[in-house]
Amino acid sequence: MVKLALLGESYPAQLRENPQALRDVEVVWSGSSLEAFRAQVPAKRPDVLALDFLELNGVETGAVPGLMEDSGARHAIVTYRFARRGVLQQYPAGKVRLLQGPISLSLLRAHVHLAVLDAMLQPQSAKPAPVAPAPLASAPALQLGAPGAVSTVTVPAVPKPPRYSAEQLGVLLEVSSAVQCECPNHLSQIVSSLQAFEEYSKHCENRNEADRQVHALLYRYTAAARAVMEEALTALVKHENIQL
């Protein structure tokens, strides 16, 4: 049986809600603390690591290979919300699977088995040819409020704080709905992605004042969209009588 170690804010809650999703995988460790992971997981000798990061851009390039080497894991499944293409290209093909999350444990289980199977069928994967980054096209500065600018929607000056934690969204990602539409699972993914992009837009690089204004606009609009979808999710949670 494949040994799996899980690192992510929502994984422990997902596992509690739906333990049968990983029924034929031995989960040797699950938690959200990187320090605890580094201290405890190497002794467990997992075959596969499942690592969930909100923003992959802020993760050091050598962090994932380092965790694999320290733990003895042969594969890593890395989920993220947003990342630059250049960052994704830095990870070694064959050993690291990159997936845009959040994902359910059932989907994670499938990728765990695929990672092991791929390694058996292709023990020596050829390295992909490097991809030259496309040149950045220059564009005129966007003046907010000018014709053509996206400024017709009124959003709060101060965004509402997130209503749902990563643990709660993890539960909703795994919960079984009273009907077969799986709306709680899908809405959980939407809210989680909006939360991540809201945070991502706060730290985007700004070349000039126009960039700063656009990123501030994206942040406010995303926060407003997240708050609206949280209202929808709350209504659904009450309708389904889901306890969080």
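I started with leucine 114, which I found in helix H5, residues 105-121. Helices here are DSSP runs of H or I with at least four residues, strands are E runs of at least two, and both are numbered from the N terminus. This is a predicted model, where local features need pLDDT of at least 70 and side-chain atom pairs count only at pLDDT 80 or more, while totals for chains, interfaces and linings use all residues. Residues are numbered from 1 along each chain as its sequence is written, and side-chain values use heavy atoms, with hydrogens and water left out.

Buried, exposed or partly exposed? Leucine 114 is partly exposed, because its relative accessible area is 36%; the scale is buried under 20%, exposed over 50%, partly exposed in between, with a 1.4 Å probe and protein chains only. I then noted that Leu114, Leu117 and Met120 make a nonpolar surface patch of about 290 Å². Patch residues have over 30% relative accessible area and no salt bridge; like charges are joined within 9 Å, and nonpolar side chains (Val, Leu, Ile, Met, Phe, Trp, Tyr) within 5 Å. A salt bridge would be a side-chain nitrogen of Lys or Arg within 4 Å of a carboxyl oxygen of Asp or Glu.

**Overall layout**

I counted through the elements and got eight helices and five strands. From the N terminus the order runs β-α-β-α-β-α-β-α-β-α-α-α-α. Of the 244 residues, 39% count as buried. The accessible surface comes to about 14,200 Å², 55% of it belonging to carbon and sulfur atoms; areas come from the Shrake-Rupley method with a 1.4 Å probe, and for residues only the protein chains shown count as cover.

**The cores**

Next I went inside. The largest nonpolar core has 22 residues, and Phe37, Leu49, Leu51, Leu56, Val64 and Val78 touch the most other members. A core is a set of buried Ala, Val, Leu, Ile, Met, Phe, Trp, Tyr and Cys residues joined through side-chain atoms within 4.5 Å. At least two residues each come from E1, strand E2 (25-31), strand E3 (48-55), helix H3 (63-71) and strand E4 (75-82). H3 gives the largest share, four residues. Apart from this core lies another, of 17 residues, including Val25, Ile77, Leu108 and Val112.

I checked leucine 49 too: leaving aside neighbours within four places in sequence, its contacts include Leu4, Phe37, Leu67 and Ile77. Contact means heavy atoms within 4.5 Å.

**Aromatics**

How many aromatic pairs does the structure hold? I have four. Rings of Phe, Tyr and Trp (its six-membered ring) pair if their centres lie within 6.5 Å; planes under 30 degrees apart count as stacked, over 60 as edge-to-face, the rest as tilted. Tryptophan 29 and phenylalanine 37 have ring centres 5.3 Å apart and planes at 85 degrees, so I logged the pair as edge-to-face. Tryptophan 29 is buried at 9% relative accessible area, and phenylalanine 37 is buried at 2%. I also noted one aromatic cluster of Phe82, Phe197 and Tyr200.

**Two loop residues**

Serine 10 sits in the loop between strand E1 (2-7) and helix H1 (11-17). Serine 10 is buried, because its relative accessible area is 9%. Beyond four places in sequence, serine 10 contacts Asp52, Ala166 and Gly170.

Aspartate 47 is in the loop between helix H2 (34-40) and E3. At 18% relative accessibility, aspartate 47 counts as buried. Not counting residues up to four places away, I see aspartate 47 touching Met1, Val2, Lys3, Ala73, Arg74 and His75.
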